[in-house]
Amino acid sequence: MQVTRDLFNDVMVPNYNPSAVIPVRGEGSRVWDQTGKEFIDFAGGIAVNCLGHCHPALVNALKEQGEKIWHLSNVMTNEPALRLAKKMTDATFADKVYFANSGAEANEAALKLARRFALDVHGEDKTQIIAFNKGFHGRTFFTVTVGGQAAYSDGFGPKPEAIDHCDYNDLDTFEKLISDKTCAVMMEPLQGEGGIISPTNEFIKGVRDLCDKHNALLIFDEVQTGVGRTGSLYAYQGLGITPDILTTAKALGGGFPIGAMITTSAIAAHLKIGTHGSTYGGNPLACAVAEAAFDTVNTDSVLAGVKEREQLFRDGFAAINEKYDVFSEIRGKGLLLGAVLNSKFEGRARDFLIASTEHGLMSLVAGTNVIRFTPSLVIPLEDIKEGLSRFEKAVADVVNG
Ligand SMILES: *Cc1c(COP(=O)(O)O)cnc(C)c1O
């Protein structure tokens, strides 16, 4: 069968608008399309392929588990899930793990747990969930409503209730919004989809303090920031504050679908038998791959390597900007970086992405004004150099019209 991009329009629901390129093979941070054209991957499947493509540790884990047992359902537990949960709790503030299959599902579980906890412990008036404008938490109806872009949640009828938003980094407004009726605050410890926006120190500490003051649970959505992305295993560890519930997905499986919600024993106790669940959550195949990814990423050398690579990217962007004057700033942390376009190129992030693809570079956008880069955490240094040189050519194309 002839498989072309045109077939997409014939057989797929039109909710995506994928690139004309159809990749068929990847190795490390290089990818090849149907025609044999090679790409350097600075996108990493949107912060998912934390170890690049077909990393031997992940391929081995998949093959080994694939010949043992694939699926059981939660009627029975399994060894990979228990080993992974033990490693995750050993490495974080959390005592307990709930496995899901995606970021949205992990967040859905976190929000349901927070509501149940508040109902059990504080009574039925404590339902308010506060989240932040431009935040992104997934596409289920609850999570998209908690997300801070009404455009994504409008048009589907009545929404889940008692959800309020304010601006990220606006502590004064947040302080006016939070009260003893607040059940939980959900936030990204660095906004990804919203444009690569870091929290100020004052804001993040202030949010934690106000949650404590009003007995509200603080939920960190680390779906994009987690598993080494910012140079710490989880971003909270680099910020000096600890959430009550944390969600993780994307890089957790290194490309195999898995998500998790982690929390303390005291909070977890409220997700009693039968209150929540998932057929695939904790699937042995997913957990075996995630365990290999977790073991590989959670080492001093990989985490230190993220910071080393961040510097190479920042130096490269600075050199390109010196020549072409296109960015107003480089935002982000670790290998979650955003090149913000200056006023001359306002709103043209997609043009840079398309030019990059032409020059054999996979990149991303975050909104219309930020070019986003979320490469493999172990991208070879020479691939960074080569990718930056391709990016420079793309920038030159856009600048020269
Ligand atoms: C990608 C993302 C999600 C949604 O994850 P899915 O696996 O697509 O459901 C949620 N939160 C954040 C911060 C994300 O970046």
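1. In this predicted model, a polar side-chain atom of Lys250 sits 2.6 Å from an oxygen atom of the ligand. An N or O atom in the side chain of Gln224 is 2.7 Å from a ligand oxygen atom, and a polar backbone atom of Phe136 is 3.2 Å from a ligand nitrogen atom. A polar contact here is a pair of N or O atoms within 3.5 Å. The ligand taken alone exposes 390 Å², and the protein buries 81% of that; accessible areas come from the Shrake-Rupley method with a 1.4 Å probe.

2. Local features need pLDDT of at least 70, side-chain atom pairs count only at pLDDT 80 or more, and totals for chains, interfaces and linings use all residues. Residues are numbered from 1 along each chain as its sequence is written, and side-chain values use heavy atoms, with hydrogens and water left out.

3. Residues surrounding the ligand include Ser102, Gly103, Ala104, Asn107, His137, Glu188 and Asp221; a residue qualifies if one of its heavy atoms lies within 4 Å. By class, the shell has three nonpolar, six polar and three charged residues, with Gly counted as polar. Helix 5 (residues 103-122) gives the largest share of the shell, three residues. Helices are DSSP runs (H or I) of at least four residues, and strands (E) of at least two.

4. The chain is divided into domain 1 (5-55 + 300-399) and domain 2 (57-297), with bounds from an automatic or database domain assignment. Their C-alpha centres lie 26 Å apart. Domain 1 and domain 2 each bring 27 residues to the contact, meaning heavy atoms within 4.5 Å.

5. About 2,300 Å² is buried between domain 1 and domain 2, and carbon and sulfur atoms give 62% of that. Buried area is the accessible area (1.4 Å probe) that two parts lose on being put together, summed over both. On the domain 1 side, His55, Lys333 and Leu336 supply 26% of the area buried against domain 2, more than any other three residues.

6. Lys181 is in the loop between helix 8 (171-177) and strand 7 (182-187). Apart from neighbours within four places in sequence, Lys181 contacts Asp125, Lys126, Thr127 and Gln128. The C-alpha atoms of Lys181 and Arg83, 98 residues apart along the chain, are separated by 38 Å.

Notes. Polar contact = N/O pair within 3.5 Å; in protein donor to acceptor, adjacent residues only side chain to side chain.
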